[in-house]
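Thanks for coming. I have one structure to go through, and I will keep to what can be computed from its atoms.

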Amino acid sequence: MTDGGFPTVRLRRLRQHPGVRRLVTETRLDPSNFILPLFVRPGRQVRREISAMPGNDQLSPDLLAREVEQAAALGLGGVILFGIPAAKDGQGSDALSESGIVAEALRAARPAAGDMPLLTDLCCCEYTDHGHCGPLAERRGRADVDNDATLALLGRQAVVHARCGADVIAPSGMMDGMVGAIRTALDAAGFEQVPILSYAAKYASAFYGPFREAAESAPQSGDRRGYQMDPAAAAEQALREVELDLAEGADMIMVKPALAYLDVIRLVRDRFPGVPIAAYNVSGEFSMVKAAAQRGWLDEQAVALELLTAIRRAGAGMVLTYWAKEAAQWLS
Ligand code: PBG
């Protein structure tokens with residue numbers, strides 16, 4: 001490229017004609033890029049609004065099936081299921097049972113999904129009474145998630161999900177060794193073809209606030225900084241997380257949240273160009289735009305599409321987003 005400089009070079013030339021602007025567009029949004037998070041709770045005909053996330057509700061399995069059908073009709077890339085069990089305990093037993101809420105949700109959603117994949121979030125925090133991502137153990141005077149005890153539970157949970165029809169298992173607990181443990185458990189149960197999308201680089205973020213209302217999974221004490229990544233740590237730590245997860249058998253990886261971590265998405269993309277990357281446009285990122293739009297301070301559609309474009313431009317092929325359905329409609 002030779003730049004003699006202005007006036008020979010005029011970058012505005014490519015911006016004059018809308019068709020030429022289209023020609024030089026590289027980042028395109030398509031409904032198939034989007035994965036819609038859905039929250040399922042027990043019951044029939046139950047729809048409970050999530051106040052901080054307008055347009056998103058907790059649904060019972062029957063209504064979930066209808067939502068899944070709509071998602072498939074809109075051409076979404078997939079949906080990811082989060083369960084809110086009837087009862088919680090120290091181990092998160094509901095998640096280990098084929099009569100648990102996610103198992104039930106999968107059976108209801110399966111026929112509605114057609115060939116749209118059903119993903120499941122795999123973690124203990126929605127199922128434990130203390131709200132942490134695994135059973136707690138006392139260590140040097142501090143309650144801490146017991147990493148290795150959690151691995152066994154995650155393996156069992158993964159097999160339940162696979163048996164009940166999950167197409168992709170997405171572990172989100174940030175336990176060391178979780179991908180390897182899940183891969184081993186799935187393979188031993190005959191599910192060697194079920195892929196793992198690992199939440200590989202997941203930060204301890206305040207942007208999860210509204211989600212914890214949605215999934216009823218706020219830690220009852222303490223926080224998740226003992227297992228989720230520190231936003232202020234070297235960005236390259238994310239590369240170590242991704243590298244280890246790939247070595248343990250992850251098929252796809254996720255960076256989460258998306259917007260405050262676009263640099264991390266780009267780093268991962270450059271370093272692992274052949275690995276499918278998802279980014280989670282998390283609850284707080286959604287809610288803050290919704291709130292501003294409700295006050296008339298922002299144009300929601302324009303802002304949301306700009307943000308989704310930025311996430312894709314940073315290098316994510318897949319975007320988990322609460323805008324998935326609306327964005328699909330805006331794009332059509
Ligand atoms: C569970 C989990 C969380 C989110 C996805 N899976 C919450 C957390 O780690 O506290 C957050 C999603 C969002 O904020 O939209 N481990």
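**Surface, core and backbone exceptions**

I start with the surface: the accessible area of the protein chain is about 15,100 Å², and 50% of that belongs to carbon and sulfur atoms. The areas come from the Shrake-Rupley method with a 1.4 Å probe, and for residues only the protein chains shown count as cover.

Before going on, the conventions. This is a predicted model, in which local features need pLDDT of at least 70 and side-chain atom pairs count only at pLDDT 80 or more, while totals for chains, interfaces and linings use all residues. Residues are numbered from 1 along each chain as its sequence is written, and side-chain values use heavy atoms, with hydrogens and water left out.

Now the overall fold. The protein chain has 11 helices and 12 strands, taken as DSSP runs numbered from the N terminus (helices H or I, at least four residues; strands E, at least two). Its C-alpha atoms fill a box of roughly 70 × 45 × 40 Å along the principal axes. Of the 332 residues, 53% are buried, where buried means under 20% relative accessible area, exposed over 50%, and partly exposed in between (1.4 Å probe, protein chains only).

Which residues touch the most other members of the largest nonpolar core? They are Phe39, Leu64, Val68, Val79, Val268 and Tyr280, out of 110 residues in that core. Helix H3 (residues 101-113) supplies the largest share of this core, eight residues. A nonpolar core here is a set of buried Ala, Val, Leu, Ile, Met, Phe, Trp, Tyr and Cys residues joined through side-chain atoms within 4.5 Å. Take Val79: leaving aside neighbours within four places in sequence, its contacts include Ile35, Leu36, Val68, Met116 and Leu119, with contact meaning heavy atoms within 4.5 Å.

Last, the backbone. Most residues other than glycine have a negative phi, and most peptide bonds are trans. Here are some exceptions.

- Phe6 and Pro7 are joined by a cis peptide bond, omega about 10°; Pro7 sits in the segment before helix H1 (18-23).
- Lys256 and Pro257 are also joined by a cis peptide bond, omega about -10°; Pro257 is in the loop between strand S10 (252-256) and helix H8 (262-271).
- Gln45, not a glycine, has a positive phi of about 55°. It counts as exposed because its relative accessibility is 53%.
- Glu216 has a positive phi near 50° and lies in the loop between helix H6 (209-214) and helix H7 (237-247).
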